[in-house]
Structure formats: structure tokens, C-alpha cells
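Subject: Structure for your review

Dear colleague,

Please find the structure below, handed over for your own work. My notes on what was found in it follow.

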Amino acid sequence: MAMPYAEVAVNAAAPIRQTFTYRVPDELTVAVGQAVYVPFGARTLQGIVVEVTAEPRYQDARDIEAVIDERPLVTPERLSLAAWLSDYYRAPLFDCVSLMLPPGFKRRPQTLLRLAFWAGDAPDDLNDAERAVIDAVREQEETESEELKRSLKHVRGAARAIASLIRRGLVARTYRLARPAVQPRVVAQLTLRLTADEARGRAAKLREDGSQRAGRRATVLDALAEEGSLPLSRARALGLTPATLRDFEAEGVAAREDVTLLRDPLAGRVYERKPAAELTADQGRAAAEIIAALDAAPKPDARRAFLLHGVTGSGKTEVYLDAIEHAASLGKRAIVLVPEISLTPQTVRRFGERFPGEVAVMHSDLSLGEHFDMWHAVRDGQYRVVIGPRGALFAPQPDLGLVVLDEEHEWTYKQQEGSPRYHARKAAEELCARTGAVLVLGSATPDVESHFRASAKAYRLLELPQRLIPGDGGVKPGPLPEVEVVDLREELKAGNRSIFSRTLARAVRAALDAGEQVMLFLNRRGAASFVQCRDCGHVPECRSCAVALTYHESSTSAAPSGPLKARLKPGLQRGGHGGRLVCHYCHRRSLLPDTCPECGGDRLRQVGIGTEKVEAAAQREFPGARTLRWDSDVTRGRDQHEAILSRFTAHEADILVGTQMIAKGLDIPLVTLVGVISADIALHLPDFRAGERTFQLLEQVAGRAGRGPRGGRVIVQTYTPDHYAIEAMAAHDYHALYAQEIENRRRMGYPPFGRLVRLTYAHTNADYSREQAAKMARGLREETARLGLPNVDVLGPSPAYVPRIRGRWRWNVVIRGDDPTAILSDEPLPRGWTLDVDPISVL
């Protein structure tokens with residue numbers, strides 16, 4: 001019988017989009033989706049078997065070395081999805097496969113160094129750097145190459161010396177994989193082998209003995225009778241000795257066991273089951289259509305996708321819950337995606353009350369151990385529903401029947417760093433097509449492209465046109481909140497220089513007097529946009545990024561995520577004001593200086609506003625009001641999102657000030673007023689989606705008002721009240737916004753009438769970066785002409801909106817057309833380039 005072959009996606013540190021062919025030795029049996037060790041050059045690397053074939057695609061194939069896990073880690077359907085991701089987003093294949101793998105699976109290859117000669121036999125012609133390397137390696141039998149370089153960073157030419165010694169055969173080099181970053185948590189415990197009554201009886205007899213030894217044994221038995229098992233460490237604290245353990249095991253009283261513990265991020269949270277709500281007629285029709293799709297036998301590669309367009313507060317979540325409950329009755333499971341982690345707590349509560357003990361969460365705020373355990377528990381079918389941001393789409397949920405993307409319009413569903421730069425909506429379509437699952441996209445403000453696809457019948461459109469508010473023991477239709485637009489130009493003419501317009505200030509006071517709650521929205525954190533010297537005009541900038549530094553008043557707000565030291569212009573390292581200057585791109589910080597570093601003047605002025613400044617102004621303007629702030633500066637710690645939400649829901653604060661984190665998903669009946677401090681922040685960005693995004697954000701934040709029987713009001717402050725996005729939002733008119741957007745894009749050839757690819761080049765030298773971008777643009781135009789593609793345009797090069805980040809100058813080249821990837825070579829891009837297919841922004 002011919003030896004089988006395997007096509008393997010290899011975890012190599014290279015932009016490889018292909019598989020590699022390996023022989024399967026007679027002593028091994030491999031299956032699609034299994035993890036294996038394979039030789040790759042001189043190293044042994046990890047790989048995932050993508051296909052098993054009878055004939056090799058490459059003749060000189062080497063043998064697979066070992067199987068890592070007998071159980072396949074990735075299903076064939078998800079491997080097919082990974083191959084699609086690699087092809088569509090032009091990303092390395094293993095990067096795409098790794099989305100489906102358990103946390104901590106990827107292990108870094110390490111280079112180990114040891115002396116290749118007897119001690120004392122070193123040649124006489126070594127230079128100082130080489131001798132330093134020899135001495136450092138001699139101290140240990142074996143040392144890791146990167147660790148050695150770090151320890152010798154004070155030695156000039158150490159890296160060259162290491163390479164020279166390897167070439168001369170004086171230092172031997174071998175390879176291994178780094179140890180796994182995470183393992184199952186195994187603890188030793190003492191488990192009772194008797195009934196609880198039998199254990200208590202033995203404990204009573206031991207106490208009759210009266211000895212100290214017997215008393216300790218009785219204490220352990222009583223604890224075992226109460227709990228059934230004890231961690232061995234706790235049993236020892238209660239008096240268990242090695243002799244007692246031996247006696248317990250010999251007498252069949254108790255035994256020591258190693259138990260794998262589940263690190264559950266929801267441990268200790270109990271949700272009381274709530275019965276299903278009675279659906280309204282609109283909700284019932286929407287749920288019935290989804291349920292009919294769940295009942296229908298899926299056809300191969302059939303796309304069963306719905307766009308659920310429901311106004312804010314229309315009860316979309318109840319439709320999701322009803323559909324999931326029906327899927328569960330069919331033996332199917334679900335994945336529910338939310339656009340960001342801040343929405344996870346309230347979503348988990350809603351779903352946990354319907355499916356107690358059957359909801360898992362997966363997101364980046366979990367510890368590596370929690371994420372590892374949840375991945376394996378989900379794969380074992382322990383949870384009916386998985387909830388999380390975009391990455392949760394790749395959870396190994398078996399028997400997948402339904403995928404829900406709530407707030408499907410959100411830009412956070414697009415991966416914007418690393419590889420692959422996928423969009424969760426597009427990936428979810430492909431996953432559902434491969435697994436036969438039903439896809440539901442929900443939003444009060446659907447993405448223009450999604451609504452266009454619904455009009456083209458690619459999605460089935462379901463609508464919930466009425467808001468629902470509590471009443472008469474259930475829900476009843478209610479109005480959307482009234483929106484009033486305040487022209488800030490008129491406020492200035494009237495002499496009002498306050499953050500709050502006169503209309504907004506009166507409305508806040510009225511709401512507070514009535515015992516109601518207020519939300520104030522500004523999508524910019526910090527206390528001021530920047531600081532400027534009033535004598536010479538100097539604005540402190542980050543030396544690594546071409547942006548002004550943002551002023552933060554509180555030290556906690558400015559705290560960086562790591563031990564970062566600012567690399568700022570001279571004079572910005574000290575100051576006595578207590579505030580911080582922070583770069584929102586590289587997170588470096590510095591104290592606000594006492595004097596201007598350019599002219600020495602002391603008139604430093606804070607310009608612009610952020611959420612910190614809004615909160616401080618609210619405290620001054622409305623004394624006695626209790627305030628809370630919700631932005632990324634105050635939610636760095638674990639469970640901070642949930643803590644802030646719980647406090648505001650419990651009416652421990654009257655005013656909540658926040659960024660986009662407060663714009664979605666919050667359902668707090670006492671919130672009767674939402675104030676938008678400035679609607680103009682993103683409205684005039686040079687991006688074709690700026691109007692759409694402004695409308696979506698404002699409509700979503702407006703939807704937080706009036707969810708209770710008291711009704712609601714929204715006040716929007718802007719300098720451009722006649723912009724079509726502001727006018728559409730004021731009328732809650734999505735269709736007016738859609739009509740304007742679709743016409744603009746049809747005229748310009750932007751999505752959905754064409755696709756985009758953005759190539760970005762980054763380099764520390766500004767001139768070189770510009771030259772390389774120009775060279776790429778010329779080459780792409782020549783390739784377009786050579787292929788004769790009339791519907792493909794190459795735009796640029798142009799500097800990125802923020803031209804320098806972390807010391808690297810960035811230039812963009814954008815390809816627009818029906819198939820913009822057609823002019824790209826299958827070869828990896830040169831170093832320094834990144835590729836974003838279907839970017840959410842051209843900035």
C-alpha cells in the first residue's frame with residue numbers, strides 16, 4: 001500500500017500562503033485538522049494537516065515527525081474557511097488557520113547555543129566580542145540565542161561574534177520550540193469515598209478518642225462530609241498528614257486525585273432563568289422567518305442570511321433569543337458576536353437569563369488560562385451559546401446552527417492590525433455557507449453595503465419599525481426620542497462659551513430635578529485635544545508620531561498599558577501641573593511642562609475638549625450631581641465595564657459621560673436625556689464613510705434615551721446642522737441617509753459599487769517611504785495597462801491621515817475596482833508593506 005501524504009500549513013515566520021507536502025510514516029496515522037511536528041529547514045515546527053492525499057504534490061517530501069494531539073483541532077469546514085480567508089485577504093495560510101486554534105498553541109522556535117570544543121581549547125585568534133560570547137556560553141551548558149544577545153547588549157559586535165563562532169564551528173546550534181504558554185490547570189484534591197453520613201460517623205468516633213491526632217482526622221472528615229472533596233492544600237491546612245492520607249486510602253475512606261479545573265470567567269455568577277417574552281407581531285414575523293430557515297435542510301454552499309433592521313429599542317435581542325431557543329430544540333448551537341468587549345456583560349446577562357449555565361464568553365480580556373479552558377470546553381459541547389467580539393466567530397462551537405452579529409454596522413468587526421485583516425461579517429457568511437448555519441445581521445443603522453445587499457436579495461430583509469417600551473406587564477409601542485439640533489454658531493453669537501448650550505444645560509437641570517439620569521456623549525477622551533503656548537503658538541507633539549499630544553488631567557487616565565517611557569521633545573519631561581500629555585497612538589506620556597519648551601513662556605493653554613473635561617464641566621455646572629465617566633482610560637482593569645454599568649444602572653450616578661462605549665446596547669429606563677456635546681468630530685474626516693459613521697454613531701447614542709415609560713429627549717450640538725447626516729439623524733430617517741450615501745458612492749465607484757484595496761508603506765526615513773510608495777503606484781498602473789483592466793483605478797500615493805506612527809512614515813496607495821486584487825502579484829509584498837483588502841477607511 002502506498003504511503004499517504006499530507007498537505008500541512010506550517011507555523012513558519014514567513015508570509016507563506018501555501019501548504020507543504022510531507023510523507024506520513026507507517027507508524028503514524030494523521031487526519032485532517034490534526035496538529036503535527038514537521039521538519040522545516042533545520043528546524044522542527046508546528047503544523048496543521050489541511051489535506052491527506054495518496055500522491056505527493058512535491059516529490060522530495062520529508063516525513064512528519066510526530067502527531068501533537070490525536071484529536072483534530074480544526075474541523076474540515078473551518079479549514080476551508082481558513083483557506084478562503086488566506087485567498088481573499090491575501091494573508092499567510094497559517095495566520096488564518098491559527099484563528100481557529102486553541103489559545104497558546106503557537107510556540108516560538110528557539111535557537112540553542114552550546115560550546116563545540118572542550119573547555120580551555122579556545123583558539124588564540126578570538127577578538128574581544130568573541131571571547132565575551134565564549135565566556136557567556138561556557139557559564140551554561142546551553143543558552144537560548146535571544147537571551148544571550150540580551151545579556152551581551154553591552155558588548156559591541158556581539159551578534160556578529162555569535163555568527164562568526166557558529167561559522168567556525170566553535171559554537172554549535174540546535175533548535176527547539178518554546179515551552180507552551182498555557183496548560184490545563186491540574187490540582188490535587190482529596191475525594192471522599194464514603195457517604196457523608198458514614199464520614200460523619202467516623203469523625204464522631206475519632207473525637208471520642210480524645211487525642212490530638214484523632215481530632216485532626218475528624219476535622220478533615222467533617223469537611224469532606226460537607227463538601228465531598230477538598231483541595232489537598234486545604235486538607236493539609238485542616239490537619240491532613242502523609243500518614244493520615246495513607247490510612248484513608250488503605251481503608252477506602254478517601255483518595256488523592258489530580259483534577260483538571262475549569263477556569264471559567266463567569267464562575268460565581270448565577271443568572272435566574274427568565275421565561276421567554278411574548279413577541280409582538282413584528283418580532284414574531286421576524287423570528288418565524290429565521291426559524292423556517294433553521295428548519296429547512298441546508299443546501300451545499302447555500303447562503304441563508306438575514307438582515308434584521310430594527311430601530312433602537314425594537315426588541316431585536318428577543319428575536320435572537322427566540323431563534324437560538326429553536327436552534328437548541330434542533331440540537332444546534334449558536335455564536336453571538338458583539339462589536340466590543342464593553343457590550344459583553346449586559347449581553348451575557350440577557351442570554352444567561354434565558355440559558356442559565358449554557359453561555360460561554362470568549363474575548364481578549366480573559367486570562368490566557370481562562371481563554372484556553374473556554375476554548376476546550378466549547379469544543380467539547382458544554383455550552384449552547386458563545387458570546388464575544390469578532391474573534392469569537394472562530395470558536396470551535398460544534399453543531400453550529402446560528403450565527404448572530406449584533407450591531408453589524410460597527411467598524412470594530414474589521415480586524416485592522418496583524419494578519420489576516422478580515423471582516424467578521426464577511427467571514428461569518430463564509431462560515432455559515434460551509435456549516436449550513438443561518439446568519440442574522442442585526443442593527444438599527446445597517447451598514448450601507450449590507451442594506452444594498454438586502455435590496456439585491458443577497459440577504460433577506462426583516463424589519464422592526466417600532467420601539468417597544470415597558471407597560472402593562474409587558475411591552476407596548478412607543479415613540480423614538482425627540483431630537484433637537486442646536487446650532488453652536490448661534491450659541492457663540494449669543495456669547496455662550498460654555499461646553500453646554502443653553503438648551504442642553506436647561507434640559508440637564510430639568511432631568512436631574514425630576515430624579516432622572518443623563519448621558520453626555522463625546523467621542524474623544526482626555527481633558528483637552530492639545531496644549532498650545534499662547535506666546536509663540538508651539539504645540540507639543542509626540543516625537544514618534546506626527547500628532548499633537550492630548551492633555552489628560554488625572555494620572556490614572558494617562559497611565560500607559562506598559563512601562564513606556566516618553567520620547568518627547570526636550571522640555572516636556574517635567575512639570576508641576578499634575579496633568580499628563582499622552583500620545584493616543586503609541587501611548588507614550590510626559591508630564592505637562594511648567595513652561596513652553598520653545599520660548600520659555602508660561603502661558604500654556606489647553607485647547608479643545610475630551611471626556612475628562614466634559615465630566616469636570618458637568619460637576620461645576622450641575623453641583624450635587626453624581627458623575628461617572630466611561631471611556632478606555634477608566635476601563636483598563638478587569639471587569640471595569642461591568643462595574644461602571646452596574647453603578648449607573650443602580651442609579652449610583654446621575655450623569656454618565658462617555659465615548660462610543662455608551663452609544664450601544666445600554667438599556668437604562670431612567671435615562672431620559674442624551675446630550676451630544678459635539679456631532680462634528682468625525683463628520684468632516686476625508687473618508688467616504690464619514691457621513692454614514694456619524695449618522696450611525698449619533699443614532700445609536702440617541703437610542704439610549706427614552707427606553708422607559710418617562711420617554712426621552714436628545715440634544716445634538718453641532719456647527720453643521722444642515723449636513724445630510726445630521727438632518728437624517730434628527731428625523732430618525734435611515735432611508736434618507738441611505739439614499740444620499742448610495743448616490744454618492746455610485747458616482748464615485750466606492751463600495752458597494754466597487755471594491756477597495758489599501759497598500760500602506762511604512763519606513764523610518766520619510767523620503768524613502770514616499771519614493772517606495774510612488775514606485776509601487778507606478779508599477780500597479782503599468783500592470784493595470786498591461787492586463788487591460790478598464791474598471792481598475794490606482795489612487796495615490798498619498799500620505800496617511802496620521803503620516804507618522806511610532807517613528808515610521810506612512811504612505812497609502814489605494815486600488816479601486818471590481819476586482820482590485822487582480823493586479824497584485826501572488827508573491828509576498830516587499831518588506832515594509834501591509835495590505836488591507838476591503839478597508840473600512842482610506843485614511
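A crossing of two helices is called left-handed if the near helix is turned anticlockwise from the far one by less than a right angle, and right-handed if it is turned clockwise. Please note that the model is a predicted one.

**A pair of packed helices**

By that convention, helix α1 passes helix α14 in a right-handed crossing. The two helices, α1 at residues 76-88 and α14 at residues 424-435, pack at an angle of about 145°, and their axes lie 9 Å apart. On the α1 side the contact is made by E77, R78, S80, L81, W84, L85 and Y88, which meet K426, A427, E430, L431, R434 and T435 of α14. Sorted by class, this contact of α1 with α14 comprises 6 nonpolar, 2 polar and 5 charged residues.

**Two buried strands with parallel partners**

Strand β14 (residues 333-337) has 5 of its 5 residues buried, so it is largely enclosed by the rest of the structure. Strand β17 (residues 400-406) runs parallel to β14 and is joined to it by 5 bridges; within β17, L402 is the bridge partner of A334. Strand β16 also runs parallel to β14, with 4 bridges between them, and I387 in β16 is the bridge partner of V336.

Strand β23 (residues 517-521) is likewise mostly covered, with 5 of its 5 residues buried. Q517, M519 and F521 point one way from β23, while V518 and L520 point the other way, and all are buried. β23 is joined by 5 bridges to strand β31 (residues 671-676), and the two run parallel. A parallel pairing over 4 bridges links β23 to strand β30 (residues 655-658). V518 takes part in both pairings: its bridge partner in β31 is L673, and its bridge partner in β30 is I655.

**A mostly covered helix**

Helix α13 (residues 368-379) has 12 residues and reaches 17 Å from its first C-alpha to its last, close to the 16 Å expected at 1.5 Å a residue. Of its 12 residues, 9 are buried, namely G369, E370, F372, D373, M374, W375, A377, V378 and R379. The elements that cover these buried residues of α13 include β12 (254-261), β15 (359-361) and β16 (385-388). After α13 comes G381, whose phi is positive, near 75°.

**A three-stranded antiparallel sheet**

An open sheet is formed by 3 strands in the order β8-β7-β9, with antiparallel pairing. β8 (143-144) and β9 (171-177) stand at the edges with a single partner strand each, so one side of each is left without a neighbour in the sheet. Strand β7 (residues 109-115) pairs with β8 in the antiparallel sense over 2 bridges, and L113 stands opposite T143 in β8. Helix α3 (residues 128-138) lies across β7, β8 and β9, running at about 100° to β7.

**Backbone points to inspect**

Most residues other than glycine have a negative phi, and most peptide bonds are trans.

- A cis peptide bond joins P751 and P752, with omega about 15°; P752 is found in the loop between α23 (734-748) and β33 (755-763).
- A cis peptide bond also joins G796 and P797, with omega about 15°; P797 lies in strand β34 (residues 792-805).
- R806, a residue other than glycine, has a positive phi near 50°. R806 lies in the loop between β34 and β35 (808-817), and at 48% relative accessibility it counts as partly exposed.
- D838, a residue other than glycine, has a positive phi near 55°. D838 is found in the segment after β36 (833-837) and, at 24% relative accessibility, counts as partly exposed.

Yours sincerely

Conventions: Residues numbered from 1 in each chain as written. Predicted model: local features only at pLDDT ≥ 70, side-chain atom pairs only at ≥ 80, totals over all residues. Heavy atoms only, no water. Axes fitted to C-alpha atoms, helices over the stretch in contact; angles between N-to-C directions. Contact = heavy atoms within 4.5 Å. Nonpolar A, V, L, I, M, F, W, Y, C, P; charged D, E, K, R; others polar. Buried < 20%, exposed > 50% of the residue type's maximum accessible area, 1.4 Å probe, protein only. Pairing = 2+ DSSP bridges. Expected span 1.5 Å × (residues − 1).
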